[in-house]
Every structure is written in C-alpha cells, then in structure tokens.
Amino acid sequence: MAQENEHKSKKGGTKVGAVIILIISAIVFLPVGGAAVFQGLFNKNKSPSFGSYNNKKITYEAGSKFATYASNVAQNYQRAGIQLNEQSYAYIMQLAFRQTLFSMAYSDAVKKSGYEVPAVAISRAILPRFTDETGKYSAKLYNQTDESTLTTLRREATDSLTFQRYTDDVFGTQKVDYTSQGLQLPVYGQFNNKALFGLKVSSKEVDFISKMECEKKAFNVTSFNTQDYPASEAIEFAKENAEKFIKYNLSALCFDSESEAKATLKQIKAGEITFEDAVQEKSQKYYTNSEGKISNSYRYQIANILKNEENLTDVISTPLNEYSSVIQANRGYIVFRTDGESTAADFTSEDLANDVLSYMKISERGTIENYYLELAKNFINAAYVSSFDSACKANGLTSTKIPAFALNYGNTSFLSNIESVGDIPNLASDSETLTKAFSLSKGEMSEPISIGNKIVILECTDVVKAEKADSSNYEETIASTDSTSANYALMTSSRVKDNFSEAYQAMFTK
C-alpha cells in the first residue's frame with residue numbers, strides 16, 4: 001500500500017497518502033478500550049507469532065496492542081460506513097499488524113530520547129470518554145469507571161501519545177479533514193492552519209518543485225528490433241567463423257567421478273564391457289541422448305561442454321571408432337568416441353542459418369547490436385535530410401508520437417506520471433533515456449539508444465512552456481512521502497520479522 005502511492009498521479013497520490021494518514025491517525029489518536037469488534041475471532045488455541053520487532057514477538061491476544069489496533073481500525077471502518085467481511089478482516093488485521101510494528105519502533109526511539117508523556121496530556125487524551133450527551137465533561141461518568149478500566153485507558157493513551165510524539169516531530173501533524181470521513185477526531189499540533197511539529201519544508205524547495213513542470217517535451221520515437229537480425233547476415237558471420245559450425249559425429253559416456261570414468265574406459269578397452277552397454281548401464285547422459293550420441297555437436301557447442309577449452313583438440317582429433325582420454329566437463333567427466341567424419345558447414349542450409357541466428361542472439365549480441373547501431377546512424381542522417389516519418393517509411397519502421405510530458409524520474413507523487421511507451425516500457429525509471437531525451441532541442445534527434453532488444457531513436461518535436469504548478473498541497477505531500485519512505489524502510493529492516501500471512505491462515509482457519 002505504501003509503495004503503491006509512488007505510482008499514482010499527483011492528485012491521486014495525494015489522495016492515497018491522505019487515506020493512509022487518516023487510517024494511521026485514527027489508530028493512534030482514537031481513545032481506545034471500546035468494544036472489541038474482533039473478539040469473536042480469537043482462536044481458542046494459543047495465538048501464533050505474527051512476527052517480531054527487535055526480537056519482541058507480536059501475538060494477537062486480548063489486551064495486546066495488536067488486538068486493540070485491530071479493534072480500532074474496524075470501528076473506524078464502521079463509522080465510515082464500510083461493510084466488514086472476511087476480505088476486509090484480513091486487510092484490517094494486516095494494517096493493525098503493521099501499525100503495531102510502527103508503534104514498537106517509534107516508541108522505542110522516543111523512549112531512548114528520555115521523553116515522558118505529561119500527565120496532563122494523558123488526561124486530555126482520555127477526556128472524550130467521559131463526556132455526556134451535550135459534549136461536556138461528566139465527573140459522574142468518570143467516577144463510575146472502575147480503576148482497572150482507567151488504568152487501561154491511561155496506558156493505551158500513553159502508548160498512543162508516545163507514538164504521536166515521534167510522528168509529530170519527524171513527519172509533522174497532517175492536515176486531514178476527519179469530519180468528511182465521518183470521524184470525530186481532534187487535529188493536534190496545529191496553529192493558524194499550520195503544523196507546529198515536523199521537519200519544515202523550505203519555501204525554495206516548494207518553489208523548485210512547482211517549477212519542474214514548467215517545461216514539457218514531446219517526442220517521436222521509433223526502434224530497430226535486434227531479434228529481426230537477417231538470416232543473410234548470420235550466414236555471413238558463419239562464413240567468417242566457419243570452424244565454429246563444423247559438425248562432429250560423436251558419442252560419449254558421462255560420469256560423476258573421474259575414477260569411475262577411468263575404470264569404465266579400462267573395461268571397454270579390455271573388452272569386459274561394450275561401449276553401448278556402458279551407455280545404458282553406467283552413463284549419466286548429461287550431454288547425450290538415450291543412445292549416447294552427443295546432442296549438440298557443433299564445434300562451439302562441444303567446446304562449451306568442456307571445463308578447459310584446450311581439451312577440444314584432443315576430442316576432435318580422436319581417430320574413427322577410437323576413444324578419447326577421460327576429460328573433465330563442466331558437469332562431471334566424459335569419454336568421447338568418434339563415430340564418423342566431421343561435416344563442414346553448408347552455407348546454403350536454412351537449418352544452419354537458424355542455428356547461427358540462435359547462437360548469435362546468445363553469444364554475439366554485440367555483433368548484432370553493432371549492425372543495428374550502424375543502421376540507426378544511417379536512419380538519423382536520412383531523417384535530417386528528409387523527415388523522421390519519411391525515414392521510418394523508407395526503413396519499414398513505425399513512428400510513435402509521445403505527447404509532451406515533464407521530467408519526473410521515478411514518477412514521484414509531486415508531478416504528473418510519465419506513461420510507458422511500447423519501445424521504452426520503463427521510461428519513468430530509465431535515467432539514461434530520460435537524460436538523453438531531455439537534452440534534446442526541438443527538431444534534434446538522439447543518438448541510438450540500446451534498450452533491451454531494441455535500438456531506439458528519439459526526435460524532440462516540441463518544447464511546451466507552462467505556468468508553475470499549484471503548490472498548496474506540497475507540504476502535506478512531502479510529509480506523506482517522508483512517512484511512506486520511513487514505513488517502507490521499517491518493513492524491510494532486519495529488525496522486523498513478518499510472518500503475517502502464515503500466522504493469519506493458521507489462526508483463523510483452524
């Protein structure tokens with residue numbers, strides 16, 4: 001949920017952040033100890049550990065922080081008119097589990113600082129529990145409350161206010177309209193509609209961010225696909241590297257140990273066992289078919305089998321119907337037998353062309369890429385003479401128009417999202433491509449850019465100037481982003497053990 005906020009639009013991101021803040025604030029600031037919505041879900045068996053923070057286990061038991069948070073989230077859902085069902089139970093429980101982790105971590109940090117919650121703050125926090133129907137404090141209600149309940153209320157308020165001290169000091173009090181969500185919750189730490197706590201946001205920082213969408217650029221994009229490398233070029237490569245594509249007629253025995261390989265070869269030479277019987281009875285067939293034939297018999301493929309390529313000469317020079325010495329392979333040990341003469345590459349064969357293409361796409365990607373880089377450079381020269389679209393047509397390529405957008409690396413929630421395009425599927429996170437794209441002036445084309453299996457060319461078609469963005473929500477968005485980042489850092493911390501899914505299934509499906 002936290003990471004999801006990073007992939008929303010500016011408006012949507014702020015809304016999601018506000019919802020997260022609303023839920024967490026509701027858990028922290030709501031005077032707790034009310035009806036336990038989840039009491040009926042307690043399992044009679046001992047609660048499993050849902051995880052831990054700093055080796056302190058988190059279990060779902062009556063009176064625990066975890067159970068209290070779950071109850072409060074459920075109550076807030078009900079106040080907001082959200083129907084509770086089995087699906088929402090799991091979500092509520094997970095949210096409560098995470099809030100328990102945050103509470104433990106942040107409260108530990110506050111306690112290390114030496115801060116103690118003032119008694120007056122605790123009293124103020126539990127005060128709403130003792131108001132009458134007119135909203136005024138009722139001493140009668142307070143005096144009717146037993147000491148055990150009061151102790152529980154004070155403890156839970158202390159925990160909440162300790163957590164609040166950390167979130168206020170680090171992230172600031174958020175400006176959330178709780179009443180619009182059907183929740184009657186106070187907004188703490190604000191004066192004149194300004195947060196009193198938290199890291200302050202520089203006016204220059206806000207101004208800088210608001211100007212980031214003042215310039216937008218539009219582009220044409222096209223690409224060459226390296227997977228379309230011509231068979232004719234593959235044959236030319238094969239002619240220049242003919243030795244690689246000589247086929248050898250070989251069989252082999254494969255063993256896990258050198259000693260077994262040597263013992264079996266000795267038996268074959270002594271006539272104690274035939275090669276064919278050894279194939280069926282002793283060979284592991286790591287590199288052969290069931291009859292012992294080498295499955296991939298081009299010279300380069302045999303070289304790839306061997307641990308040391310210098311042993312290739314021994315293999316291919318083995319006389320007809322004779323055996324090689326025991327040779328170490330990448331897996332185990334091998335004894336080769338030459339079954340027939342080798343065959344030179346047939347450059348007119350379609351099968352050879354396909355085999356060479358497969359080889360080049362794995363082992364000669366640089367050769368293929370260089371071929372398309374040269375084509376791309378020729379394309380750019382032609383496009384400057386005629387036009388981008390004309391050059392695309394001449395080369396059988398498709399031109400895609402990208403509407404003007406602002407630079408927003410990583411699609412932060414402050415700016416409009418960068419949408420992916422077919423040739424550049426991860427444009428928002430591709431720093432190299434974004435740098436090259438936004439370095440272009442109108443009418444200028446990029447150098448060829450290698451992206452996956454594509455060689456991409458961009459043309460800047462327009463530079464659009466715009467007014468500064470509305471920055472009225474930036475302080476809130478910045479604080480929300482800080483909180484989201486901190487939560488993510490905590491959930492990925494080595495101090496946190498998260499067994500939620502397993503424990504939830506174990507506890508609520510028995």
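Visitor: What makes Phe-50, Tyr-60, Phe-66, Phe-97, Phe-500 and Tyr-504 a cluster?

Guide: Ring pairs link these residues. Rings pair if their centres lie within 6.5 Å. The model is a predicted one, and the structure holds 27 aromatic pairs.

Visitor: Why is the pair of Phe-224 and Phe-379 called edge-to-face?

Guide: The ring centres of Phe-224 and Phe-379 are 6.3 Å apart and the planes stand at 90°. Centres within 6.5 Å make a pair, and planes over 60 degrees apart count as edge-to-face. The pair is therefore edge-to-face.

Visitor: What does the pair of Phe-224 and Phe-379 tie together?

Guide: Phe-224 belongs to strand β5 (residues 215-225) and Phe-379 to helix α14, so the pair ties together parts 155 residues apart in sequence. Both Phe-224 and Phe-379 are buried.

Visitor: Why is the pair of Phe-275 and Tyr-323 called stacked?

Guide: The planes of Phe-275 and Tyr-323 lie at 25°, with the ring centres 5.7 Å apart. Planes under 30 degrees apart count as stacked, so this pair is stacked. Phe-275 lies in helix α10 (residues 275-281) and Tyr-323 in the loop between α12 (312-316) and β7, so the pair ties together parts that are 48 residues apart in sequence.

Visitor: How do you know whether Phe-275 is buried or exposed?

Guide: Phe-275 has 3% relative accessibility. Buried means under 20%, so Phe-275 counts as buried.

Visitor: And what is Tyr-323 called, with a relative accessible area of 23%?

Guide: Buried means under 20% and exposed over 50%. Tyr-323, at 23%, is therefore partly exposed.

Visitor: Which residues touch the most other members in the largest nonpolar core?

Guide: That core has 29 residues, and Phe-224, Phe-245, Val-356, Met-360 and Phe-379 touch the most other members. The elements that give two or more residues to this core are α8 (231-240), α13 (350-363), α14 (365-385), α15 (388-395) and β11 (454-465). Leaving aside neighbours within four places in sequence, the contacts of Phe-379 include Thr-222, Phe-224, Phe-388 and Ile-457. A second, separate core has 25 residues, among them Ala-96, Phe-97, Ala-105 and Tyr-504.

Visitor: Why does one side of β6 and of β7 have no neighbour in the sheet?

Guide: The open sheet has three strands in the order β6-β8-β7, with antiparallel pairing. β6 (247-255) and β7 (327-328) stand at the edges with a single partner strand each, so one side of each is left without a neighbour.

Visitor: How many bridges join β6 to β8?

Guide: Eight bridges join β6 to strand β8 (residues 333-343). Asn-249 stands opposite Gly-340, and Ser-251 has Arg-337 as its bridge partner.

Visitor: What makes α2 mostly covered?

Guide: In α2, 12 of the 15 residues are buried, including Phe-66, Tyr-69, Val-73 and Tyr-77. Helix α2 (residues 65-79) reaches 21 Å from its first C-alpha to its last, close to the 21 Å expected at 1.5 Å a residue. Just after α2, Gly-81 takes a positive phi of about 80°.

Conventions: Residues are numbered from 1 along each chain as its sequence is written. This is a predicted model: local features need pLDDT of at least 70, side-chain atom pairs count only at pLDDT 80 or more; totals for chains, interfaces and linings use all residues. Side-chain values use heavy atoms; hydrogens and water are left out. Helices (H or I, at least four residues) and strands (E, at least two) are DSSP runs, numbered from the N terminus. The expected span of a helix is 1.5 Å times one less than its number of residues. Buried means under 20% relative accessible area, exposed over 50%, partly exposed in between (1.4 Å probe, protein chains only). Two strands pair if DSSP finds at least two bridges between them. A nonpolar core is a set of buried Ala, Val, Leu, Ile, Met, Phe, Trp, Tyr and Cys residues joined through side-chain atoms within 4.5 Å. Contact means heavy atoms within 4.5 Å. Rings of Phe, Tyr and Trp (its six-membered ring) pair if their centres lie within 6.5 Å; planes under 30 degrees apart count as stacked, over 60 as edge-to-face and the rest as tilted.
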